[in-house]
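Please read the points below with the sequence and the model open side by side.

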Amino acid sequence: MIPSLILCAALVVAPPAESSLRDELVAEAVEHFGAQRYQAAIEGFERAYELEHQAVDLYNIGRVYEEFGKVEKAREHYERFLARPNLTETERSEGQARLAALPDPEVAPAPPAPQEPTSRRERRRQRRQSNKDRDPRRTNGVVIAGSTFIPLGVLSLASGTAVGITAIRNIDNARASATPEVPIEQTPHYRLARRSAIVADALLIGGGVVAAAGIVMVAAGLERKPRRKKRRRRNVEVVAAPAGAGFEVEVRF
């Protein structure tokens with residue numbers, strides 16, 4: 001790693017006045033690079049480049065950026081290095097090799113295409129398709145639960161009807177037993193009729209709700225259940241033909 005870094009640096013000859021300072025900066029930058037202090041190495045090579053603007057410093061900065069994992073910055077400095085005139089054949093081949101070794105820049109993924117709004121009919125079709133793809137065990141559970149609710153609701157409706165008939169009979173008995181001294185509201189039959197009417201209303205309303213819920217669940221479960229393909233029935237044809245003294249029977253499919 002480090003020999004490749006200082007290969008080009010050793011080829012530069014600078015004036016004596018500034019050479020000592022630049023050599024110190026390059027030496028410190030190489031030391032930082034070897035210790036993986038990449039930011040300090042970049043700063044050292046940049047200061048060296050500001051002194052003499054040597055092409056090799058651009059190469060070295062790109063090399064540090066490459067090890068630092070900043071590919072685009074490394075590519076930028078390698079290209080600047082190769083754009084400098086009067087490079088030796090060794091320097092140019094080294095720079096081209098480093099540039100070619102860099103990974104390709106990541107391509108940003110294209111944004112997803114906007115989805116066109118679907119019509120109401122298409123949404124219904126998609127819902128039906130998704131219902132068909134659901135777990136059949138869940139569908140069977142919905143159908144079973146709905147099948148249980150329906151008879152419970154019917155039983156509650158029947159009970160409410162019977163209690164309602166009892167309430168009507170008690171009202172009739174209350175009217176028959178009412179007198180001017182005892183109004184109909186104070187008769188025992190009237191109080192029984194009121195209680196029976198309340199119970200009948202509760203049974204009728206509850207039974208209607210339960211039965212309706214069961215019907216909806218059964219209908220939904222049957223709609224979700226995927227349709228089975230009908231098996232093609234084979235047509236069987238029996239053909240009887242005379243054969244000698246009797247008949248020959250042939251079955252065709």
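How many residues does helix H6 have, and how far does it reach from its first C-alpha to its last?

1. Helix H6 covers residues 89–101, which is 13 residues, and it reaches 18 Å from its first C-alpha to its last. That is close to the 18 Å expected at 1.5 Å a residue, where the expected span is 1.5 Å times one less than the number of residues. Helices (H or I, at least four residues) and strands (E, at least two) are DSSP runs, numbered from the N terminus.

2. The model is predicted; local features need pLDDT of at least 70, side-chain atom pairs count only at pLDDT 80 or more, and totals for chains, interfaces and linings use all residues. Residues are numbered from 1 along each chain as its sequence is written, and side-chain values use heavy atoms, with hydrogens and water left out.

3. Which residues of H6 are buried? They are Glu91, Glu94, Gly95 and Arg98; buried means under 20% relative accessible area, exposed over 50%, and partly exposed in between, with a 1.4 Å probe and protein chains only. These four residues of H6 cover an arc of only 95° around the axis, so they sit on the same side of H6. The arc is that of the directions from the helix axis to the C-beta atoms. An α-helix has 3.6 residues a turn, so residues three or four places apart point the same way. Glu89 and Ala100 are exposed, on the other side of H6.

4. Alanine 97 also lies in H6 and counts as partly exposed, at 43% relative accessibility.

5. Tyr78 belongs to helix H5, where Ala74, Arg75, His77, Phe81 and Leu82 are buried along with it. H5 (residues 71–83) has 13 residues and a reach of 18 Å from first C-alpha to last, close to the 18 Å expected. The cover over its buried residues includes H4 and H6.

6. Helix H4 is mostly covered, with 12 of its 14 residues buried. Among them are Ala55, Leu58, Ile61, Arg63 and Val64. H4 reaches 20 Å from its first C-alpha to its last, close to the 20 Å expected. Just after H4, glycine 69 takes a positive phi of about 90°.

7. Beyond its neighbours within four places in sequence, glutamate 66 is in contact (heavy atoms within 4.5 Å) with Ala74, Tyr78, Arg98 and Leu102.

8. The axes of H3 (residues 38–52) and H4 (residues 55–68) come within 9 Å and cross at roughly 170°. Axes are lines fitted to C-alpha atoms, for helices over the stretch in contact, and angles run from 0 to 180 degrees between N-to-C directions. H3 and H4 are therefore roughly antiparallel, a term for angles over 145 degrees. Residues of H3 including Ile42, Phe45 and Tyr49 meet residues of H4 including Leu58, Ile61 and Val64. By class, this contact has 11 nonpolar, 2 polar and 3 charged residues; Ala, Val, Leu, Ile, Met, Phe, Trp, Tyr, Cys and Pro count as nonpolar, Asp, Glu, Lys and Arg as charged, and the others, Gly among them, as polar.

9. The protein chain has 9 helices and 2 strands, and 26% of its 253 residues count as buried.

Conventions: Angles under 35 degrees count as roughly parallel, over 145 as roughly antiparallel, 65 to 115 as roughly perpendicular and the rest as oblique.
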